Every structure is written in structure tokens, then in C-alpha cells.
Amino acid sequence: MKSAMSTSAKIGCVGVISFVSIMILRYGIISRVITSEISKKIRLEPGAKIWDIWTDIPIPIYSKFFFFNVTNPDQIINGQKPILKEVGPYVYKEHRMKVILNLNEETVKYRPRTSWYFCPDLSYGSEDDFITLINIPFVGVSKMTWDMSKQPYVLSTLDDMLVEKGEKVFQTNKVRELLFDGVPIDNYMELLSLPVAEVFGSNNNTRIPERLLDGDFGFFDDRNGTAEDVWIVKTGKSNVNDFGRVVSWNGGTKMEIWGDDKCNEIRGTDGSIFPPFTDESRVLDIFTPELCRSLEMHYVKPSEHQGLATMLFTFAPKTFGSLKDFPENECYCKDTYEYCQKGGVMPLGKCQGGAPMFLSYPHFLNAHPDFVNGVIGLHPESGDYHSYLHLEKHIGMVIGATFRLQMNVELQPYDSMTAFTNVPNVMFPLMWIEQTAIATDELLAPVRKMATYIRILEVTTGFSIFTSLFLIFVSVLLQLKKNNWSIQRMISTTNINKP
């Protein structure tokens, strides 16, 4: 019996000591060593691998442009519902790099430069294809004039001036013009040079977007190969949780657009890098100057991408949510309250100098039915129009990402403008973009090596913990067996001693 007690006690002690030692070793010492080593590598400084990747991104990035070609422009002018036909994709490969202006221990100052290159073999069409879209400058100037002065004679005068110069609600241009080359807007530049335009602008705080000052309009006509914006971001050297965090953009630490401190905040990174050691509770903030705000991405589920365990993120529900569900979006919705109440679109007017531009998921996915039913030719149920980001949680590296977004413009009638008198009031889809980025095998090789090492460590730790718990379990069983034998012996002895 003494031997049995000694055996169970020894087994139990071995199990407990092993369990405690493993937990201390794995989640104390080893975890700190891994954290320390990763933190040393995840910082923006010359010589670090992440620096080379960040300053001249080697990841293949492709942008696919799908246009909604207008097939019945004359009928729309007379009040009929727009009929659209999706055309494309027109595919471009991107090269992204950063022109470093200044570097110190805490921050990096740089100008990002993106160049687009047409890929005819991946495209369904040519850059010289003709597309009929809404005349965005015409619609934009009309809306801005209406907002500045709702006097009928002002709108009538504007209409007469522009129609006389040949401007129409719809126009047909080449793909290359709509995207990067730009469409001449001499008529509007002449209009904006008039003294009356200065009066309206000064009285109503309406600013003319700088991108129009070169005399051309295109969705990306001022961005191909240029490096104009100035960013300052944290290196992460003193605090790894600040890695890549945007400090300022074009000299400002916040936006001056929305009239609310919370909505004007510049939060997060540029979307190409994130701090390491991500967990399910983390919100990924991506500052997007084109939208004058930071967008949130929320964790969805564990996933796998290119053979690596990843965390899957997508845009937060409030991104295109209604004011009813997300009242915190109200600061973005001045003058667009009706649309924000419905949900499904994001107003960009104040970010675009007053032009009635809106962002949504492609084909108005998850938007109010009024938007989908306002035109003919949309099929939100026919494809995957969501956006995703795959993140490696230990180093915060983007393994792959797909973003899909649609650009829209509000079309509304103006009684005093003959060109717009009978048009329907609809949210008019223009185009949608799918942008994909997938890390190469060469780039992922060290990540896979690290992930394999951590996985082996986790499996080994798990097996050791299981073994320790098994020994403790065996010890308990032996002790119970011993106790049960002792109780049975006591009962037997008692029965024998009964008279």
C-alpha cells in the first residue's frame, strides 16, 4: 500500500511540475522571445526586410474597371428609367512605390507614387472602347450651383451657357480618357473663371477640387505616375503597436471636411501594413484620402490563403450602414440625409468639392432596394461583390486582399435647367473597381518558415500539455483506486467484527 501511494504521488508530481513548467516556458519565456524577435524586424528602417517591401511594393496588384454603359441616354432625358450594360473588365497592373523625403527614429515622411499599366491580354476590350456615361462635370457643376444659389435665373443662365457650348447630360468617351488621360473641361474652367463663381464660392465655402484645375476630368487623370501627397507615418521602432500609423497627411493631423472631430480623425495605416500580433478584437483602420476618411475592417473568421493560416477581415457593417442602425455616421451625411437613412451608399460630396458623388458596393449589394430598382441592369445577387483582406496575425502582413467598390452620382431634375427638367431622380452607377493583391511565393517564403516554426512549437507544446494532464489523470485514477480498496477493506473488517 505504501508503494501504491508513492507511485501515484510521484506520477501526479511529475504531471503537475511538467504542466506548470511547460506553461511558464511556452507562454512566458518563449512567447516573450518570439514577440521580441518579431518586434525587432517589424519596423520601418533601411536594412529591414519590411522596409524594402514597403518602399517598393513587389506584390502584384491588379485593378479591374467595369463600366455601366448607358444604352438609352435620349430616353432618360425624357424621364425614362436608365438601362445600363456592364462592360469590361479593363485591367491594369499597378506599381506602387514611395519617394522618401525624411526619416528619423519615430517617423517616415514620404510621397506615394502609383503607376498603372494596361494589360490587354487580361482585359475584355480596348482602352479605345467608347463608353457612354453621365457627364459628371455637368452634373457636378449644376449641383454645386444649386447648393450655392437656389435662384432659378442662376440655374437657367448656367444651363444656357453650357448647352450653347455643346454640353449634354450624357457624353461618350474612350476608356483611356475616362480613366487616366482625362476629358477636356474647358467650358467649365471658363465658367469657373467668371466673377459670379467666385462670389458663390466665397459665400458658401464651396471649393473647386484641385484635380480639376489642370483643365481635364478623369477618374484617375491626376494620379498615374504622380507623387504629390505627403504622408508622415510611425516607424514602430519605439512602439510596435504604432507600426505604420498615419501621423499626418498633407500637413494636417486631421481632415477639415466633415465638421465633426470624430469623423475628421485620421486613424490607422495606409492599408499596406499593420501592427503585428493581431487578435480577433482588433479593428483595422485604413486611412483613405480619396474618401476623406478612415475605413474600418472587422474580423470575420479564421481562414487560409496560399497555404498560410490567416485572419479574414472585411469592411465594418457601418461602412455603408443606414443612420437608423449607425447614428454615428450622421456627420458624414449633411445634405444627404435621405440617402444615409436608406443605407447602402456613402456620401462623398464634401470630399469632392460638392459634386454629388457616392460610394457603394458593386451593383448596390446590401443597399436599399430603391437604389437597385432605380435603374435597369444591376444584379447584386449574381456575384461576390464583397471586399476581403487576409492577414497573417503574428507579423501583421497582408497575404492577399480584394477590394470591390462602386462609384455613383446622384442625378436629379432642375426645373430651371432644360437639360435636366425631365430626368429621373436616381442614384446613377458609373463604374465599379475590383482591386486584388496577392503576395508572391518568394515573398512568403520567410513567412511560411516562421509560421512552420510557430506551428511546430504549438503542436509540441500541445502534446506536452496533453502528456502532463494525462499523467495527472493517471495519478488521480490510482489514488481513487487506492481509496476505493481501502474503503472496501474497512467495510469488510467491520462486517467480520459484528456480533
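I started with helix H5 and looked up its buried residues (under 20% relative accessible area; exposed is over 50%, partly exposed in between; 1.4 Å probe, protein chains only). Val154, Leu155, Leu158, Asp159 and Leu162 are buried in H5. They cover an arc of only 135° around the axis, so they lie on the same side of H5. I took the arc from the directions from the helix axis to the C-beta atoms. An α-helix has 3.6 residues a turn, so residues three or four places apart point the same way.

I then turned to the other face. Tyr153 and Glu164 are exposed there, on the face of H5 turned away from its buried side.

This is a predicted model, with pLDDT of at least 70 needed for local features and 80 or more for side-chain atom pairs, while totals for chains, interfaces and linings use all residues. Residues are numbered from 1 along each chain as its sequence is written, and side-chain values use heavy atoms, without hydrogens and water.

I checked the length of H5 next. H5 has 13 residues, 152-164, and at 1.5 Å a residue it should span 18 Å; its end C-alpha atoms are 18 Å apart, which agrees. The expected span is 1.5 Å times one less than the number of residues. After H5 comes Gly166, with a positive phi near 95°.

I noted eleven helices and 17 strands, taken as DSSP runs (helices H or I, at least four residues; strands E, at least two) numbered from the N terminus. Of its 499 residues, 49% count as buried.
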